[in-house]
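Here are my notes on the model you sent over.

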Amino acid sequence: MSTLLIKNATVLVTMDDHRQEIQGGGIFARNGFIEQVSKTGELPEAADEVLDLSGHLILPGLVNCHHHFYQTLTRAIPAAQNANLFKWLKTLYPIWAKLTPEDIFISTKTALAELALSGCTTASDHLYLFPNGSRLDDEITAAQEMGVRIQASRGSMSLGESKGGLPPDSVVDSEEAILNDSQRLIERYHDPKPGAMVQIVLAPCSPFSVTGELMRQSAILAREHGLHLHTHLAETQDEEAFCQQQFGHKPVAYMQSLDWVGEDVWFAHSVHVGMEEIQVYKNTGCGVAHCPSSNMRLASGIAPVREYMQAGVKLGLGVDGSASNDGSHMLAEARQAMLLARLRAGIEGASLSSDGAPPILTAREALALATRGGADVLGRRDIGSLEAGKCADFIAINLNRLEFSGALHDPVAAVLFCSPVTVDYNFVAGKCIVREGNLTTLDIPTHIERHNAAARRLLEG
Ligand SMILES: [Zn+2]
């Protein structure tokens with residue numbers, strides 16, 4: 001039995017159904033789960049670990065719904081800096097074909113270090129190529145060492161160039177091997193219980209890199225075990241043209257034809273959708289991982305965030321990448337979501353109200369997408385808000401810093417309106433993985449050397 005008492009936070013943002021913000025708030029947790037969230041005076045007075053967070057803002061841990069950790073090894077590659085999605089992929093596939101198990105391990109730690117320092121406590125990752133003996137196990141081991149909660153997606157590519165797909169044949173696998181490995185990973189790692197540190201997701205990569213049959217078989221396997229399903233969808237106009245030509249459907253209709261819609265499905269991007277497709281998501285329960293930085297970086301378009309929210313579609317945020325962002329900063333991503341939604345509204349002729357009505361996407365709405373929104377998308381009821389019974393996953397930010405000077409009348413909004421900062425504390429399951437701004441689970445200078453050596457080998461080797 002181990003207990004944790006956090007007290008005296010300047011503001012504690014619960015993100016509960018009433019969106020309570022508690023001045024002078026605190027948390028009492030036992031064995032990784034929250035027992036009480038309230039004003040400090042109402043909490044127990046003692047615990048195994050006690051931390052006074054006077055002068056800090058506390059938020060629920062941020063939830064990242066889409067990422068490719070391995071791509072931290074191939075950021076800012078010159079030939080891919082100014083390419084659209086299909087050209088970007090074709091430039092990078094041959095480099096990714098050289099990845100080793102150690103590269104997957106190293107890059108996972110890099111991405112999770114960035115994520116943890118920027119406030120993330122749960123990350124979904126989508127690993128979809130497994131060259132040279134690489135396995136999802138390499139990523140899971142690294143995540144376990146880092147102490148971040150992970151939804152590890154067993155991605156796949158089976159439709160190589162010779163069969164009309166986009167990736168070269170050298171990076172695709174047989175469908176039998178993909179399904180066998182998926183089964184192995186589910187049995188070895190998937191934990192369905194509240195508080196799970198590792199869950200497995202099945203995630204064929206995209207309509208242009210797998211067959212419809214693999215998508216169907218993946219859905220059957222996932223549903224046998226109560227897993228979630230994930231893929232890229234409606235990211236670009238090129239993808240829409242590909243689906244129309246190959247399958248006679250637009251991407252969302254293609255997913256419907258494969259039984260790939262439901263409460264257990266979430267899609268990355270979903271930029272190019274109309275109102276009819278938004279209704280399909282709403283009616284079937286599909287979630288969306290909105291990735292604003294990546295969509296801007298690749299000039300893919302602007303997702304209809306306000307329309308998703310008005311329709312009641314489950315919506316979370318993903319940093320994507322890391323070769324299409326090229327960073328893993330969750331608070332920065334929430335800020336991009338807020339700003340990009342406003343730009344889209346402006347382009348479409350709306351404007352920020354001048355008479356006191358709510359603006360297009362508020363800072364608090366963007367923070368909700370990054371916390372409870374992401375939890376909904378991943379199908380996790382045990383995270384996303386600070387309430388009794390939920391996981392003790394939270395972050396704290398010292399408000400006494402240059403970036404927030406002049407904004408302390410509303411510290412919650414300051415976190416998104418002002419320049420993105422790194423967090424001072426990050427607790428996952430009641431364990432501190434960032435303390436006073438430093439990661440407790442990784443020696444960063446040594447790790448950077450290791451990461452850069454691996455990146456050099458991929459490019460030059
Ligand atoms: Zn992606």
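1. Asn 31 sits in the loop that links strand 2 (21–30) to strand 3 (33–39). This is a predicted model, so please read the backbone angles here and below as features of a prediction. Phi of Asn 31 comes out near 50°, a positive value in a residue other than glycine. Most residues other than glycine have a negative phi. With a relative accessibility of 41%, Asn 31 counts as partly exposed.

2. Ala 234 also deserves a look. Its phi is near 55°, again positive in a residue other than glycine. The residue is placed in the loop between strand 10 (228–233) and helix 6 (237–247). Is Ala 234 buried or exposed? Ala 234 has a relative accessible area of 2%, and buried means under 20%, so Ala 234 is buried.

3. Next, the peptide bonds. Two of them are worth checking by eye: the bond from Gly 321 to Ser 322 is cis, with omega near 15°, and the bond from Asn 325 to Asp 326 is cis too, with omega near 0°. Most peptide bonds are trans. Where does Ser 322 lie? Ser 322 is in the loop between strand 13 and helix 11 (330–347), and Asp 326 lies in the loop between strand 13 and helix 11 as well.

4. Gly 312 is partly exposed, at 42% relative accessible area. Glu 263 is 49 residues away from Gly 312 along the chain, and their C-alpha atoms are separated by 13 Å.

5. Gly 312 turns up again in the surroundings of Lys 282. Lys 282 belongs to helix 8 (residues 275–284). Which residues does Lys 282 touch, not counting those up to four places away in sequence? They are Ala 311, Gly 312 and Val 313. The relative accessibility of Lys 282 is 39%, which makes it partly exposed. Cys 243 is 39 residues from Lys 282 along the chain, with 22 Å between the two C-alpha atoms.

6. A polar atom of the Thr 14 side chain is 2.8 Å from the backbone oxygen of Gln 20. Gln 20 is also among the residues in contact with Thr 14 once neighbours within four places in sequence are left aside; the others are Arg 19, Ile 22, Val 37, Pro 60, Ser 385 and Leu 386. Glu 387 is 373 residues from Thr 14 in sequence, yet the C-alpha atoms of the two are 6.9 Å apart in space.

7. Asp 424 can be found in the loop between helix 13 (411–417) and strand 15 (425–428). Is this aspartate buried or exposed? At 14% relative accessibility, and with buried meaning under 20%, Asp 424 counts as buried. Its side chain reaches the backbone nitrogen of Asn 398 at 2.7 Å. Leaving out residues up to four places away in sequence, Asp 424 touches His 56, Ala 396, Ile 397, Asn 398, Arg 401, Val 434, Arg 435, Glu 436 and Gly 437.

8. Now the chain as a whole. It has 14 helices and 17 strands. The radius of gyration is 21 Å, close to the 23 Å that the globule rule gives for 461 residues, so the chain is as compact as a globular protein of that length. The C-alpha trace spans about 65 × 50 × 45 Å along its principal axes.

9. Of the contacts with a separation of 6 or more, 75% are between residues 24 or more positions apart.

10. Last, the surface and the charges. The accessible surface of the chain comes to about 17200 Å², and carbon and sulfur atoms account for 50% of it. How far apart are the mean positions of the 37 positive and 54 negative charges? They are 1 Å apart.

Technical notes
Residues are numbered from 1 along each chain as its sequence is written. This is a predicted model: local features need pLDDT of at least 70, side-chain atom pairs count only at pLDDT 80 or more; totals for chains, interfaces and linings use all residues. Side-chain values use heavy atoms; hydrogens and water are left out. Helices (H or I, at least four residues) and strands (E, at least two) are DSSP runs, numbered from the N terminus. The radius of gyration is taken over C-alpha atoms; the globule rule is 2.2 Å times the number of residues to the power 0.38. Contact means heavy atoms within 4.5 Å. Accessible areas come from the Shrake-Rupley method with a 1.4 Å probe; for residues, only the protein chains shown count as cover. Lys and Arg count as positive and Asp and Glu as negative; His and the chain ends are not counted. The place of a charge is taken as NZ of Lys, CZ of Arg, CG of Asp or CD of Glu. Buried means under 20% relative accessible area, exposed over 50%, partly exposed in between (1.4 Å probe, protein chains only). A polar contact is a pair of N or O atoms within 3.5 Å; within protein, one must be able to donate a hydrogen and the other to accept it, and residues adjacent in sequence count only if both atoms are side-chain atoms.
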